[in-house]
Amino acid sequence: MNAPAKTEDFVAAKIPDGVYAETVLSVDHYTDRLFRFRMTRPSGFRFRSGEFAMIGLMVGEKPVYRAYSIASPAWDEELEFFSIKVPDGPLTSHLQMIKPGDTVLMRKKPTGTLVLDALTPGKRLYMFSTGTGIAPFASLIRDPDTYDMFEEVILTHSCREVAELKYGFDLMEEIRSHEFLSEIVGTKLKHYPTVTREAYPYQGRITDLMENGKLYTDLGVPPLDPAVDRGMICGSAAMLKDTKALLEKAGLNEGANSKPAEFVIERAFVG
Ligand code: A2P
């Protein structure tokens, strides 16, 4: 009679070659649409804050991957991700069930345009995000390099409902109570949360608040100026397009890793 296969052998045999297989350390569910997880970081894995990686799970016999911004900063020993839950999503319908101790796959090469290297020097950095588009900025606002390069950092986060803002508020609290980051960040970071489908003190799409000037009045800053202002945008295809149009109207040009300019967009998540 053959000895039964050990579970470890079975699992190990299924992991594809050339990818990292990491261990889930914690999972936090924010709403029925949003969750965050942290996992181990492979020792040789390097990335720039703001980049994304391909994250996957074995679904049956096959790996399924999607692009995920790394939400933790480059110096962190662990990796953090902020995810939507799509009921029939090929990956997220499974990913939303992960628990500490489970294995998550990650392809080896991170990439992306929401990096400080793709911007020319400036004074004020705007990070425009909707929904899970806050993830790359969760990385950048916890990276000291961001505050070396800019005097002021403004993170706008727009969601449909108030409960969806919680991840952003938790990040602010984490920074405020962090031994070293709190000192580095000081008063340079401003958080501007808005809600579009519920009553909230800051209400409306970020594009409307830019157009009618309320964003700038609320923050006590002058309107966009290409000489000093820089931007990064992460959200849905429609939000990217509309926000980009407003930045261009204000005279800012789109940059890339190969050609730094006044603003950058991440298109990897748009289907
Ligand atoms: P709205 O409620 O008016 O659609 P989603 O979850 O659909 O990605 O939306 C996240 C947030 O982005 C919502 O507050 C939504 O507002 C807003 N949004 C959607 N489309 C745009 C757009 N074209 N420009 C700016 N904000 C947008």
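Student: Of the contacts in the chain with a separation of 6 or more, what share comes from residues 24 or more positions apart?
Tutor: That share is 70%. Keep in mind that this is a predicted model.

Student: How many helices and strands are there in the chain?
Tutor: The chain has nine helices and eleven strands.

Student: What radius of gyration does the chain have, and what would a compact globule have?
Tutor: The chain has 19 Å. A compact globule with 271 residues would have a value near 18 Å, so the two agree.

Student: And what does the C-alpha trace span along its principal axes?
Tutor: About 80 × 40 × 35 Å.

Student: How much of the chain counts as buried?
Tutor: Of the 271 residues, 39% do.

Student: New topic, the ligand. Which residues come nearest to the ligand?
Tutor: There are 14 residues around the ligand, and Thr 130, Thr 196, Arg 205, Ala 238 and Met 239 come nearest.

Student: Which elements give two or more residues to that shell?
Tutor: Strand S8 (152-159), helix H7 (206-211) and helix H9 (237-249) do. The largest share, three residues, comes from H9.

Student: How do the shell residues divide into nonpolar, polar and charged?
Tutor: Four are nonpolar, six are polar and four are charged.

Student: Let's stay with H9. How far does H9 reach from its first C-alpha to its last?
Tutor: H9 reaches 18 Å with its 13 residues. That is close to the 18 Å expected at 1.5 Å a residue.

Student: Which residues of H9 are buried?
Tutor: Met 239, Leu 240, Thr 243 and Leu 247 are buried. They cover an arc of only 100 degrees around the axis, so they sit on the same side of H9.

Student: What do those buried residues pack against?
Tutor: They pack against strand S7 (124-130), H7, strand S10 (229-234) and strand S11 (263-265).

Student: And which exposed residues are on the face turned away?
Tutor: Ala 237, Ala 238, Ala 245 and Lys 249 are on that face of H9. Look back at the ligand too: Ala 238 and Met 239 are among the residues that come nearest to it. In H9, Met 239 is buried, whereas Ala 238 is exposed.

Student: What follows H9?
Tutor: Gly 251 does, and its phi is positive, near 100 degrees.

Student: What about the other end? Where does Ser 236 lie?
Tutor: Ser 236 is in the loop between S10 and H9.

Student: Why does Ser 236 count as partly exposed?
Tutor: Because Ser 236 has 15 C-beta neighbours inside 10 Å. Being buried takes 20 or more, and being exposed takes 12 or fewer.

Student: Now H5. Which of its residues are buried?
Tutor: Helix H5 (residues 166-177) has twelve residues. Tyr 167, Gly 168 and Leu 171 are buried in H5. These fall within an arc of 100 degrees seen down the axis, so they line one face of the helix.

Student: What do the buried residues of H5 pack against?
Tutor: Strand S2 (34-40), strand S5 (78-84), helix H3 (135-140), S8 and strand S9 (189-195). The face of H5 turned away carries the exposed residues Phe 169, Glu 173, Arg 176 and Ser 177.

Student: On to loops. Is Gly 122 buried or exposed?
Tutor: Gly 122 counts as buried because it has 21 C-beta neighbours inside 10 Å. Gly 122 lies in the loop between strand S6 (103-107) and S7.

Student: Which residues does Gly 122 touch, apart from those up to four places away in sequence?
Tutor: Phe 150, Val 228, Asp 229 and Arg 230.

Student: And Arg 142, where is its place?
Tutor: Arg 142 is in the loop between H3 and helix H4 (144-149). Arg 142 counts as buried, with 24 C-beta neighbours inside 10 Å.

Student: What is Arg 142 in contact with, leaving aside neighbours within four places?
Tutor: Pro 73, Ile 175 and Leu 181.

Conventions:
Residues numbered from 1 in each chain as written. Predicted model: local features only at pLDDT ≥ 70, side-chain atom pairs only at ≥ 80, totals over all residues. Near = placed C-beta within 6 Å. Helix = DSSP H or I, 4+ residues; strand = E, 2+ residues; numbered from the N terminus. Nonpolar A, V, L, I, M, F, W, Y, C, P; charged D, E, K, R; others polar. Rg over C-alpha atoms; globule rule 2.2 N^0.38 Å. Contact = placed C-beta atoms within 7 Å. Expected span 1.5 Å × (residues − 1). Arc of directions from axis to C-beta.
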